[in-house]
Amino acid sequence: MQFEVFTLLPEIFPPYLDNSIMKRARERGLINVRVHNIRDYTHDKHHTTDDTPYGGGGGMVMKPEPVFEAIETVLGLSNSTTEITDASRTENLQENSVDSVPSVVNTIPIILLTPQGRVFNQSIAKELSQHPRIVLLCGRYEGIDERIREHLVTDEISIGDYVLTGGELPALILIDAIARLLPDVLGDPTGAEDDSHAMGLLEYPHYTRPPEFRGWKIPEVLLTGAHAKIDKWRREQALLRTLKKRPDMLAKAELTKEDKKFVESQKSKVE
Ligand code: SAH
């Protein structure tokens, strides 16, 4: 899967992507992250990427021209000097699909990281992991010129209800969450299946050696080797901690009859 990142601060990305699972995934060609410096698409002497806001007020706003040119160049869309309407953008994207990646290109998500977007979660990660290529646009300062959002961006994602200084950490968060859902990225092929949020529940607790630490023993059942029993215990633990920590999730989760019975039996203890 290919990530095309557009940023004013490309240096932020390598330290994270050159380590651990992200590094291995890149080396094995499972993900490819291309980081594009928006500043490279400016043409004035000072390489201006931002300007003061119309109407006054503090802060700076990212200018439209370099952002349009950067994304259009990398995706092979029309030249940046023509004004792009939504209709011509679709056309360009379709044209592009003829000589590069067929059909899927016209659905390349151009995602703006913004605190005003839909709030990122595991199902959005799953949805995005189906695309062979996505664009991540990182804002800085007060944000971007609204025309970028209106006429270039196709999706807006927030990583939570708080405001950061830039979209770079949010972009890395998306890359990480999406990459670990791709086949072969995790060492254990079932690794992502039980994860918190994957099934609408929080994951059961984990223990490793030693079996006793400072007098604290691990749950007996985990030492029995009885898989059915262990599975049952894990399911119950997942239900229990979701009930305690995230009852909102439990209300939406798909539960079996047995799950529901267990949850009912625990409710009085939790409250
Ligand atoms: N003035 C803007 C916030 C700008 S923050 C507003 O009130 O909406 C600067 C940049 O940081 C944004 O353009 C965005 O790319 C990024 N950013 C900040 N908080 C974010 C969040 N919660 N999720 C995703 N991106 C965020």
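A salt bridge is counted here where a side-chain nitrogen of Lys or Arg lies within 4 Å of a carboxyl oxygen of Asp or Glu, and by this rule the count comes to 16 salt bridges. The structure is a predicted model, in which local features need pLDDT of at least 70 and side-chain atom pairs count only at pLDDT 80 or more, while totals for chains, interfaces and linings use all residues. Residues are numbered from 1 along each chain as its sequence is written, and side-chain values use heavy atoms, with hydrogens and water left out.

One of the salt bridges joins the side chains of Glu168 and Arg140, with 3.0 Å from N to O. Because Glu168 belongs to helix H7 (residues 168–179) and Arg140 to the loop between strand E6 (133–138) and helix H6 (146–151), the pair ties together parts that are 28 residues apart in sequence. Helices (H or I, at least four residues) and strands (E, at least two) are DSSP runs, numbered from the N terminus.

**The ligand**

Around the ligand there are 19 residues, of which Leu113, Gln116, Gly139, Glu142 and Tyr162 come nearest; a residue is near a molecule if one of its heavy atoms lies within 4 Å of it. The shell divides into nine nonpolar, nine polar and one charged residue, where Ala, Val, Leu, Ile, Met, Phe, Trp, Tyr, Cys and Pro count as nonpolar, Asp, Glu, Lys and Arg as charged, and the others, Gly among them, as polar. Strand E5 gives the most to this shell, with four residues.

| Residue (backbone atom) | Distance to a ligand nitrogen |
|---|---|
| Ile159 | 3.0 Å |
| Tyr162 | 2.8 Å |
| Leu164 | 3.0 Å |

Of the 560 Å² of accessible area that the ligand has on its own, the protein covers 87%, with areas taken from the Shrake-Rupley method with a 1.4 Å probe.

**Backbone details**

Arg209 and Pro210 are joined by a cis peptide bond, with omega about 0°, and Pro210 lies in the loop between H7 and strand E8 (212–213). Ser20, which is placed in helix H2 (residues 20–27), has a positive phi of about 50° although it is not a glycine.

Notes. Polar contact = N/O pair within 3.5 Å; in protein donor to acceptor, adjacent residues only side chain to side chain.
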